[in-house]
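Biologist: I am new to this structure. Could we go through it step by step?

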Amino acid sequence: MTLAEIRDILQADVLTGEEDLSTDVQQVVASDGMSEILAFARSRELMITGLTNIQSIRTADIAGVCAVIYCRGKCPDRKVIDFARQKKIPVMATRMVMFDICGILYNRGLKGVS
Amino acid sequence: MAAELLREKFALQGRNFDKAGEVSSEIKVILRDLGIDATTVRRLVIVAFEGEMNVVMYADQGTLTLVLTDEDIRLEIVDRGPGIPDIDLAMQPGYSTASDELREMGFGFGMGLPNMKKNSDEFRIESEVGKGTSVFVRIRLNANA
């Protein structure tokens with residue numbers, strides 16, 4: 001499933017990386033704990049989190065995920081979005097809660113990393 | 001004896017959360033530009049980042065030294081901080097002394113040190129209460145790379 005399809009399904013706003021939404025996603029890591037993302041991400045997963053500080057993008061960069069989706073209506077401040085743009089990491093935000101996002105994407109065939 | 005190809009020492013500043021992770025990002029670029037394989041770089045920068053976060057969260061200041069040889073990559077993370085009274089306990093997944101404030105920043109869930117060990121081929125930690133903590137890590141270069 002592409003990032004563009006995921007954007008449509010989750011009714012998400014793209015905050016940066018509009019040009020990279022053709023990336024294909026197979027697996028997802030979802031957590032508010034950054035060490036958990038770092039422990040499970042292998043490479044190029046989609047990262048879902050409710051944590052919107054600068055460390056979320058730092059973690060995304062170090063873990064090598066393909067994009068970040070912020071859940072439950074949380075929106076990072078400008079500095080965080082600019083940092084994501086600099087690191088070339090697409091970022092989206094949706095009003096949906098993490099449980100619903102994971103359920104919907106799992107139903108569409110995406111899997112977690114274990 | 002492994003031949004040393006690169007040695008670089010970085011300063012880490014405790015409590016500076018805006019800068020936390022900058023050194024690890026820099027190391028990622030350095031190693032990638034040297035043509036080190038992606039898996040090794042990933043493992044190394046996860047160890048560096050978790051170590052860097054630990055220094056920022058708990059210590060006053062520290063240093064991170066990156067050493068590249070023709071056989072491996074080594075990291076030495078040394079801080080001046082409170083030290084760890086019980087290292088075995090600190091290594092247990094889920095154990096943490098982090099404040100709620102630190103947890104709200106997405107860290108301090110007791111996975112940092114286990115994560116560092118998991119991504120290392122050799123991992124050693126020494127600590128003295130009231131003085132500080134030192135972590136030594138070695139990751140072998142992928143022979144197939």
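Biologist: Which strand does α2(B) run at about 5 degrees to?
Modeller: In this predicted model, α2(B) lies across β1, β2 (61-69), β3 (72-80) and β5 of chain B. The angle of about 5 degrees is given for one of these strands, and that strand is β3(B).

Biologist: In what order do the five strands of the open sheet in chain B stand?
Modeller: The pairing in this sheet is antiparallel. Its edge strands, each pairing on one side only, are β1 (4-13) and β4 (122-128) of chain B. From one strand to the next, the twist averages 10 degrees. The order is β1-β2-β3-β5-β4.

Biologist: Over how many bridges do β4(B) and β5(B) pair?
Modeller: Strand β5 of chain B covers residues 132-140. Ile125(B) stands opposite Val135(B) in β5(B). The two strands pair in the antiparallel sense, and the number of bridges is seven.

Biologist: Which element gives the most to the side of chain B that touches chain A?
Modeller: The contact takes 18 residues from chain B and 17 residues from chain A. On the chain B side, α1 (22-33), α2 and α5 (112-118) each supply at least two residues. That side divides into eight nonpolar, six polar and four charged residues. With five residues, the element that gives the most is α2(B).

Conventions
Residues are numbered from 1 along each chain as its sequence is written. Chains are lettered from A and ligands numbered from 1 in the order in which they are written. This is a predicted model: local features need pLDDT of at least 70, side-chain atom pairs count only at pLDDT 80 or more; totals for chains, interfaces and linings use all residues. Two residues are in contact if their C-beta atoms, placed from the backbone, lie within 7 Å. Helices (H or I, at least four residues) and strands (E, at least two) are DSSP runs, numbered from the N terminus. Ala, Val, Leu, Ile, Met, Phe, Trp, Tyr, Cys and Pro count as nonpolar, Asp, Glu, Lys and Arg as charged, and the others, Gly among them, as polar. Two strands pair if DSSP finds at least two bridges between them. Axes are lines fitted to C-alpha atoms, for helices over the stretch in contact, and angles run from 0 to 180 degrees between N-to-C directions.
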